[in-house]
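Hi,

Here's the structure I said I'd pass on. Have a look, and then read on for what turned up.

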Amino acid sequence: MEQKGKDLGVKLKKFDARQFLQGHGIIIGFIAIVGLLSIARPNFLSIGNIVTMLRQVSGIGIATIGIGFLIIMSCNDLGLGSVLALVGILSGLTVSTGAFGLALPTGVGFLVGIAASTMVALFAGTIIAKARIPAFIVTMGTMSICRGLALIFAHGMPVANFPAAFTYLGTANLGPIPWSVIMYIMVIGVAWYILNKRPFGRYIYAVGSNEEAARVAGINVDRVKILAYLFEGITLGIAGILYAGRLKSASPTFATGYELDAIAGCIIGGVSFSGGIGTVSDMVIGALLLGVINNGMDLLGVEAFYKQVVKGAIIIIAVLIDRKRTGRS
């Protein structure tokens with residue numbers, strides 16, 4: 001009996017509650033919020049609302065994975081929302097009746113949208129890597145450029161009258177699962193493979209942990225940065241097309257502030273804003289948690305102004321937790 005008591009004491013001593021919360025706090029918080037919302041609004045866990053919520057999360061979730069690569073690399077993209085708007089406008093104008101004098105096939109519209117976002121990413125990534133200008137300054141510039149171009153191309157007006165094939169991915173389902181969710185899962189798989197199985201993924205972590213050390217170790221830091229921004233550009237192209245398809249329209253003022261949602265999704269999930277730390281599952285859990293909070297506030301009838309306050313508070317709390325967790329300033 002005495003020996004069993006000692007064994008139990010050793011096990012209890014080994015259990016570190018603080019470490020457990022640091023490792024599983026996000027999951028516990030996720031379950032707690034889902035539980036509270038399901039009590040406050042019984043329809044929160046209905047199949048219809050879950051499908052709607054997943055459809056809403058898929059677009060920002062894909063963008064979260066793209067910017068997650070940058071945050072792990074200790075970079076960011078403040079122009080994310082403007083790029084989404086530009087993608088929607090350009091791809092929408094390409095396929096809509098009468099735009100540019102003719103309506104091109106849907107596939108061309110998709111390529112135009114993804115090409116636009118990758119060109120912006122290539123532009124930003126090259127300047128950040130080669131000119132050594134901080135990412136937040138460069139992407140602040142691309143934010144203004146892309147928003148301005150979207151307004152110029154659309155003449156300040158929303159674009160609509162899309163063909164059914166263009167809106168299919170954003171609105172249709174494969175069985176009970178929305179196509180946008182399937183696209184999200186595919187992006188998750190590709191991102192996981194890159195970060196965990198390819199040298200490029202290890203280089204991203206190395207650059208984010210210590211850029212100079214990575215350079216001394218022989219890693220082509222400039223190339224890694226440019227490729228990471230290109231990957232993010234592709235994800236933004238996909239997300240922008242899904243958004244335009246789901247809404248069946250594109251506006252040059254669309255996605256204002258979405259960069260905060262994507263950054264918040266990463267930080268809340270556990271991606272370190274200091275760089276070098278983070279997984280694809282962190283990005284997914286963070287985006288899902290933010291989607292649950294947004295959906296819950298909609299069901300509870302919280303006004304949009306208060307939602308902004310809540311999001312801002314969540315970001316600050318997540319950064320404070322991240323700083324304490326990583327011990328970096």
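How do the residues of the lining of the second largest pocket divide into nonpolar, polar and charged? They split into seven nonpolar, five polar and five charged (Ala, Val, Leu, Ile, Met, Phe, Trp, Tyr, Cys and Pro count as nonpolar, Asp, Glu, Lys and Arg as charged, the others, Gly among them, as polar).

Before going on: this is a predicted model, where local features need pLDDT of at least 70 and side-chain atom pairs pLDDT 80 or more, while totals for chains, interfaces and linings use all residues. Numbering runs from 1 along each chain as its sequence is written, and side-chain values use heavy atoms, with hydrogens and water left out.

Back to that pocket, whose volume is about 340 Å³ (the space filled by probe spheres set on grid points joined across faces, edges and corners). A pocket here is an open set of points on a 1 Å grid over the protein atoms alone, where a 1.4 Å probe fits, with protein on both sides within 12 Å along at least five of seven lines; lining residues have an atom within 4 Å of a point. Of its 17 lining residues, Q56, Y258, D261, N294 and K311 are the closest to the centre. α13 gives the most to the lining, with six residues (helices are DSSP runs of H or I, at least four residues, numbered from the N terminus).

α3 and α13 also pack together, at an angle of about 140° with axes 8 Å apart (axes are lines fitted to C-alpha atoms over the stretch in contact, and angles run from 0 to 180 degrees between N-to-C directions). That makes α3 oblique to α13, as angles under 35 degrees count as roughly parallel, over 145 as roughly antiparallel, 65 to 115 as roughly perpendicular and the rest as oblique.

Cheers

How values were computed: Helices (H or I, at least four residues) and strands (E, at least two) are DSSP runs, numbered from the N terminus.
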